[in-house]
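Here is a short report on one protein chain.

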Amino acid sequence: MTNFTEMEMTVLNILADNHIKYGDGAWYDEDGYAHPDTYELTTDGTGECGTIFSRNNLDPKIYRGVIGSLHSKGALITDEYEVPQKMVAITITKTVFNEIKAAA
């Protein structure tokens, strides 16, 4: 299993829980494309949806760096879009999800 810090595991467990709640439909296909409902916003340009930070009581000043670290380790899938403000969302990769699930 990939070595993750305690704070990285906090984020990964939040994202893994989204997949567990969604059930068998959490992955679109064998390539690991995640269902849109499993993503968490890191940037909410509208101010109406809430982010992984606000919903899970995480300090964004600290956890933005944690998310950057996870991204550099290839543990996250990132999606950016504009509605019309910029929104950025993340989800866990299928590989890392399976590692966490197997370790539990």
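## An exposed loop residue

Asn57 is exposed, with a relative accessible area of 75%. Buried here means under 20% relative accessible area, exposed means over 50%, and partly exposed lies in between (1.4 Å probe, protein chains only). Asn57 sits in the loop between H2 and H3. Its phi is positive, about 55°, although Asn57 is not a glycine. Most residues other than glycine have a negative phi.

This is a predicted model: local features need pLDDT of at least 70, side-chain atom pairs count only at pLDDT 80 or more, and totals for chains, interfaces and linings use all residues. Residues are numbered from 1 along each chain as its sequence is written, and side-chain values use heavy atoms, with hydrogens and water left out.

## Overall layout

The protein chain has four helices and three strands. Helices (H or I, at least four residues) and strands (E, at least two) are DSSP runs, numbered from the N terminus. The order from the N terminus is α-β-α-α-β-β-α. The protein chain has 104 residues, and 39% of them count as buried.

Contact means heavy atoms within 4.5 Å. Take the contacts in the protein chain with a separation of 6 or more: 55% of them link residues 24 or more positions apart.

## The strands

Two strands pair if DSSP finds at least two bridges between them. E2 and strand E3 (residues 86-92) run antiparallel and are joined by seven bridges. They form a hairpin, with three residues between them. Within this pairing, Thr78 has Ile90 in E3 as its bridge partner.

E1 also runs antiparallel to E3, through four bridges. Here Asp44 stands opposite Met87 in E3. E1 is largely enclosed by the rest of the structure, because four of its five residues are buried.

Thr51 lies in the loop between E1 and H2. Thr51 counts as buried, at 13% relative accessibility. Beyond its neighbours within four places in sequence, Thr51 contacts Glu40, Leu41, Thr42, Thr43 and Asp44.

## The nonpolar core

A nonpolar core is a set of buried Ala, Val, Leu, Ile, Met, Phe, Trp, Tyr and Cys residues joined through side-chain atoms within 4.5 Å. The largest one has 21 residues. Val11, Leu12, Ile52, Leu70 and Ile92 have the most contacts inside it. Helix H1 (6-22), helix H2 (52-56), helix H3 (60-72), E3 and helix H4 (94-103) each give two or more residues to this core. H1 supplies the largest share, six residues. In soluble globular proteins, nonpolar side chains tend to be buried together.

Which residues does Val11 contact, leaving aside its neighbours within four places in sequence? They are Ile52, Tyr63, Val66, Ile67, Leu70 and Ile90.

Leu76 belongs to strand E2 and is buried at 8% relative accessibility. Val96, in helix H4, is buried at 5% relative accessibility. With the sequence cut-off of four places, Val96 touches Phe4, Leu12 and Ala75. Ile62 lies in helix H3 and is partly exposed, at 42% relative accessibility.

| Pair | Separation in sequence | C-alpha to C-alpha distance |
|---|---|---|
| Ile62 and Met7 | 55 residues | 9.3 Å |
| Val96 and Leu76 | 20 residues | 8.4 Å |
| Leu76 and Thr93 | 17 residues | 5.3 Å |

## The largest pocket

On a 1 Å grid over the protein atoms alone, a pocket is an open set of points where a 1.4 Å probe fits, with protein on both sides within 12 Å along at least five of seven lines; lining residues have an atom within 4 Å of a point. Grid points are joined across faces, edges and corners, and a volume is the space filled by probe spheres set on the points.

The largest pocket holds about 150 Å³ of space. Its lining includes Tyr39, Glu40, Cys49, Arg55, Asp79 and Tyr81. Strand E1 (40-44) and strand E2 (76-82) each supply at least two lining residues. By class, the lining has seven nonpolar, one polar and three charged residues. Ala, Val, Leu, Ile, Met, Phe, Trp, Tyr, Cys and Pro count as nonpolar, Asp, Glu, Lys and Arg as charged, and the others, Gly among them, as polar.
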